[in-house]
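This report covers helix packing and aromatic ring pairs in one protein structure. The sequence and model come first.

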Amino acid sequence: MSKLISIIMPVFDGSSYISRSIHAVSELLKYYSFPYEIVIVDDGSRDGTRFKALEIASRYDNVRVVGYDRNLGKGAAFLYGYRYSRGDVMVLFDADLDIPPQQIPLLLAVMEGAQADVVITNKWHPFSRTVASNLRRFLSKSYNALVKLLTGLNLSDTQTGAKAIKRYVLDTIAPKMRARRYAFDVELLLLAVKHGFKIAEVPSLKDIRLSSAFRPREIARMFLELLSIVYRHGRVR
């Protein structure tokens with residue numbers, strides 16, 4: 001792929017891993033000879049994440065660190081990074097590397113081969129290897145079922161933190177987006193479908209390890225955000 005790729009990595013309180021993550025993603029993209037930039041977005045961290053990120057970014061020509069002082073959510077961080085990016089393709093990638101960076105070349109290859117506008121990783125694809133507790137698996141699949149029911153999106157997994165999106169898609173839909181936290185991905189994909197953009201799903205090449213747990217308050221907020229998205233945009237026809 002000859003187009004400039006912007007890897008946007010939102011991070012919150014990730015001082016323990018951000019240096020390793022920047023190095024791992026940068027080395028992989030150099031190996032594949034992609035023209036790229038990495039945009040680290042500090043989402044109001046309180047543990048010195050931005051300082052650590054700036055320290056390692058100074059060793060690379062194509063890594064930038066931006067951010068703000070108040071935690072706003074992954075969706076807000078991604079859109080902030082998009083505004084500071086220059087790429088033709090944006091890759092939203094979780095900074096903790098729960099999904100290994102080897103997923104990035106697959107997203108880009110499918111985007112080019114399938115001529116898709118958006119490519120998302122489906123952690124529940126038959127070929128994906130996802131390690132998760134029974135509770136986490138149940139909650140994730142239940143949320144996906146609810147998303148399908150309320151939005152009409154025919155996608156098996158909206159939430160996985162590895163997505164590739166062409167810039168013109170975001171240029172079209174970002175001004176209409178309001179979700180900033182838990183249901184940000186749903187709003188992005190719902191608007192993409194409503195504007196006629198093509199979405200492809202791919203499995204994860206490497207193991208995905210889901211270690212974080214949802215608190216009851218977060219589950220309630222995800223549901224409320226989802227309802228607000230359906231209220232604003234309606235269902236897929």
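## Helix packing and ring pairs

In this predicted model, Lys74, Gly75, Phe78 and Leu79 of helix H3 are in contact with Phe184, Asp185 and Leu188 of helix H7. By class, four of the residues in this contact are nonpolar, one is polar and two are charged. H3 spans residues 74-84 and H7 spans residues 184-194; their axes lie 8 Å apart, at an angle of about 55°.

Two of them are set out below.

| Pair | Centre to centre | Angle between planes | Class |
|---|---|---|---|
| Tyr31 and Tyr32 | 5.2 Å | 85° | edge-to-face |
| Tyr80 and Tyr84 | 5.0 Å | 40° | tilted |

Tyr31 has a relative accessible area of 66% and is exposed, while Tyr32, at 39%, is partly exposed. Ring pairs join Tyr31, Tyr32 and Phe34 into a cluster.

The second pair belongs to helix H3: Tyr80 and Tyr84 both lie there, four residues apart, or about one turn of the helix. Tyr80 has a relative accessible area of 18%, which is under the 20% cut-off, so Tyr80 counts as buried. Tyr84 is partly exposed, with a relative accessible area of 38%.

Note on methods: Residues are numbered from 1 along each chain as its sequence is written. This is a predicted model: local features need pLDDT of at least 70, side-chain atom pairs count only at pLDDT 80 or more; totals for chains, interfaces and linings use all residues. Side-chain values use heavy atoms; hydrogens and water are left out. Axes are lines fitted to C-alpha atoms, for helices over the stretch in contact, and angles run from 0 to 180 degrees between N-to-C directions. Helices (H or I, at least four residues) and strands (E, at least two) are DSSP runs, numbered from the N terminus. Contact means heavy atoms within 4.5 Å. Ala, Val, Leu, Ile, Met, Phe, Trp, Tyr, Cys and Pro count as nonpolar, Asp, Glu, Lys and Arg as charged, and the others, Gly among them, as polar. Rings of Phe, Tyr and Trp (its six-membered ring) pair if their centres lie within 6.5 Å; planes under 30 degrees apart count as stacked, over 60 as edge-to-face and the rest as tilted. Buried means under 20% relative accessible area, exposed over 50%, partly exposed in between (1.4 Å probe, protein chains only).
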